[in-house]
Each structure stands twice: as C-alpha cells, then as structure tokens.
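Here is a friendly briefing to read alongside the structure.

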Amino acid sequence: MQVELENTVDISCAKYEYTDVLLCHDDELEGRRIAFILYLVPPWDRSDGGTLDLYSTDEHCQPQQIVKSLLPSLNTLVFFEVSPVSFHQVSEVTSEGKRRLSVSGWFHGRSLERPPRYMEPTQPRTPHIPRDESLLYEWVNPQYMDLAYQAQVQEEFEESSEILLKDFLKADKFDMVCEALRKSDIVWKRRGPPNKRCYECAEEAVLPECVSQCWELLASEAMFLLLSNFTGLKLHYLASGDDDDNDEEDDDEEKEEADETVAGSSDAAGNSIDGLEEKEAPGKTMEEPSAPVCRGELRRWRHGDYTIVHDTDVGNAEFALDLLLFLGCEDWQTEYGGFTSYIANGEDEELLTIYPENNSLALVYRDKETLKFVKHVNHQSLERLRKNPDRQGFCDFSFVYYE
C-alpha cells in the first residue's frame, strides 16, 4: 500500500496509569492518514492491561468486537492507516505499579472519502400507561405524596433544573425489586456499538413481576403527573402551566379533576420553569402540541461498562427530563466510576455529576446543548465484588420524558 503523505506530523507523549483507559474511537480527523505509537514501557504482561485493541466493523462501518489485541513492548513501533473502519481502544491499565508510556501521533495526507455517518434508529417513545394514583400510594415514599412537599421540590428544581430525591420508593418495595434483580434469571442484552456505549439492558417482556411493576410505575399516567408537580413541566394535561391563566373556565375544570388525583393539585404543580414553554422540540408549535411521551431502560453496570458522547446521538438534541432510579448500589465508591456526567456541548467542564445512590431518584432537565455520559466502570469495582459475590455492579432505571 502506498499512501502519499504531507510534511505535517502531530506528535505527543501519553502516560497511562492504574485504571486509565482510552475507549473505542477511529482517530478520524481531517488530514490524519497514518497513526503511530512508539512504546516506552517497562516489561509488560497481559495481566497489566493497556493493550491496543483493534475492532471489526459491520456493514454500517460501526465497530463490533475486538479481533486483535497488541501488547505494549519497549522500543516497538506500531502504525496503522486511519480510515472509517480504524476503530481501536487502549484497554484499562490494571497494574498499580507500572506506567504505560508512549510517544504517538499521526502523519498527515489527503483524507479518505468517508461514507455517510450512520444514524441509529431512535428508541421508541410511548405515551403514559393509564394507571391511577393508587399505584403511587403503593410504591412511593409517602413524603413525596404530600402536596406541600411537592411544591417545595418544584421550587428547588426550578432553581437548578435538577434534584435528587432520596428514599424515593417505599423500603419494602425497593428491597423486593433489588432482591429480584439479584436472584432472578433476567435476560440481559449488551448494548453497543462500543464507540457509543457498552452496558447491559434487561428485556422488558420477561422481567420478574415486581420489577415489571416498578417499570410500569415509572411509565404510568400517575407518574407523569407527579413529575409535573416535581418539575413544573407540562407532562400531563392536569399539570398547570404559564398559559393556564388565559382560560379561567378551563382552569377551574382542571382543578376539579385534580382534586380527585393525588398529584393533580395546581397549587402543588405551580408554574412551569421560566422560559421552558418557548423551548420546544423541532417540529413542535404552540398550535400543534403533542402528547407527552417517554422511553425507558433497565440497565446493569459492571466492570468495563460506559457510554460516550457521540455526535450522531439524535436523542441528545432535544429538551428532555432525565430520570435515574438507582438500585443495588450498596458500598459503591466514587472511584469505581459508573456516575453520570452532564457537560455543555463543546466544553470540557462538567455541569453536573450524579453518583449512584441506593433508592435515589435523580431528575435532570437538559437542553439541546447539554450532553451526558456514564463514566467507565473501572478495575477497582472488582474489589467490591470480591468482598460480596452477590454485588454484580449496580442497576438503574433510566427514563427520559418529553413534553
């Protein structure tokens, strides 16, 4: 193979230490043609991690699985062509006493023609499940059913567009779901591709009954209304909004209906967050409102799992309310990873970090310029598993609600 190169060379030095990792990517930027790595490592074994892993790709030029794994070796030069299918990673360094040092960079030339970026099908969104407030009384901590407390939550949420509600489920219900997640033969399916995400999600159709009921709670009509009261968002027609005052008759009718619904008091719902009514998703107009919808997953996070911010994730380019309900997080340490970070598009600084905490419900309202990712779960998390074999990582319900 002959590649015509220019005089431009990018070069830098990299140091990887314990738990450091470089997740799956293709190196493609304008002008990069040949990537190279010169290793300056001490004697290195596979047990030390830090391998250069190369991926196969599918018909959409998306990475699939590791097909070659190269061990770092002192004074060894590795190079490969940068292309739409040059996906690779540096696996996690698992040795506490060694440093993976290298000099690396790119030789430049005319870029290869790249096929159109593959856009994944969006996950299906569904309207609420018609369930009344009795489901809330059955599952939710009574503290959060109090209308005055709901108004207090909304006031705090409006100030920062995020809130963490601790001990959200009743203790017996929470323990029952956690026990089912540990003991049941749940069907877990790995989600990829690895340049965007790597974790397991549960098959909804075959969940244990109590876990399925918890899912139903989060997708229920009553929950949509409760979330409206917590946030001021218009996730249910009974939730009040800034335009309600324009029609007093309709407002009175809604209040009468709301009095019969635990989360339906307009006093608790209050007004929507300032400005949100004008921030509508593409294609939506004030004259053509759409019914609120949601999408959800039950996810399991273990060693090696993560998500990556990616510019083809169209679901990030909308205003939305994120919900995370954490389960099985006993003894989970911050240094293990697995936390969710929010960042502004084009910025490195984190806006918000949500750490896994048992039976906590996190709510975050994000705009079109806010991105999120789940930090790689690293090798240190295996220490927790060694101490208690029942603690296979942790789980969360991840739901997104759209007005």
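Two strands pair if DSSP finds at least two bridges between them, and the elements themselves are DSSP runs numbered from the N terminus, helices being H or I of at least four residues and strands E of at least two. With that in hand, strand β19 (residues 394-402) and β12 run antiparallel and are joined by 9 bridges. This is a predicted model, in which local features need pLDDT of at least 70 and side-chain atom pairs count only at pLDDT 80 or more, while totals for chains, interfaces and linings use all residues. Residues are numbered from 1 along each chain as its sequence is written, and side-chain values use heavy atoms, with hydrogens and water left out.

- Buried means under 20% relative accessible area, exposed over 50% and partly exposed in between, with a 1.4 Å probe and protein chains only.
- By that cut-off, 9 of the 9 residues of β19 are buried.
- In a regular strand the side chains alternate between the two faces of the sheet.
- Both faces of β19 are covered: F394, D396, S398, V400 and Y402 are buried on one side, and C395, F397, F399 and Y401 on the other.
- S398 lies in β19 and is buried, with a relative accessible area of 10%.
- Leaving aside residues up to four places away in sequence, S398 touches R295, G296, E297, R299, L323 and L324 (contact means heavy atoms within 4.5 Å).

**Strand β12**

- Strand β12 (residues 293-301) is mostly covered, with 8 of its 9 residues buried.
- Strand β11 (residues 197-202) pairs with β12 in the antiparallel sense over 2 bridges, and E200 stands opposite R300 of β12.

**A four-stranded open sheet**

- An open sheet of 4 strands runs in the order β2-β7-β4-β5, with antiparallel pairing.
- Its edge strands are β2 (22-25) and β5 (63-70), each pairing on one side only.
- From one strand to the next, the twist averages 20°.
- Within this sheet, strand β4 (residues 52-57) and strand β7 (residues 88-90) run antiparallel and share 3 bridges, with D53 opposite Q89 of β7.

**The α2-α5 helix pair**

- Helix α2 (residues 147-160) packs against helix α5 (residues 221-231) at an angle of about 60°, and their axes are 6 Å apart.
- Axes are lines fitted to C-alpha atoms, for helices over the stretch in contact, and angles run from 0 to 180 degrees between N-to-C directions.
- The two helices α2 and α5 are therefore oblique to each other: angles under 35 degrees count as roughly parallel, over 145 as roughly antiparallel, 65 to 115 as roughly perpendicular and the rest as oblique.
- On α2 the contact involves Q150, V153, Q154, F157 and E158, and on α5 L226, S228, N229, F230 and T231.

**Cysteines**

- Searching the whole structure gives 0 disulfides (pairs of cysteine sulfur atoms within 2.5 Å).
- C214 is in no disulfide, and the nearest cysteine sulfur, that of C210, is 8.3 Å away; C214 is buried at 0% relative accessibility.
- C395 is in no disulfide either, and the nearest cysteine sulfur, that of C178, is 8.2 Å away; C395 is buried, with a relative accessible area of 8%.
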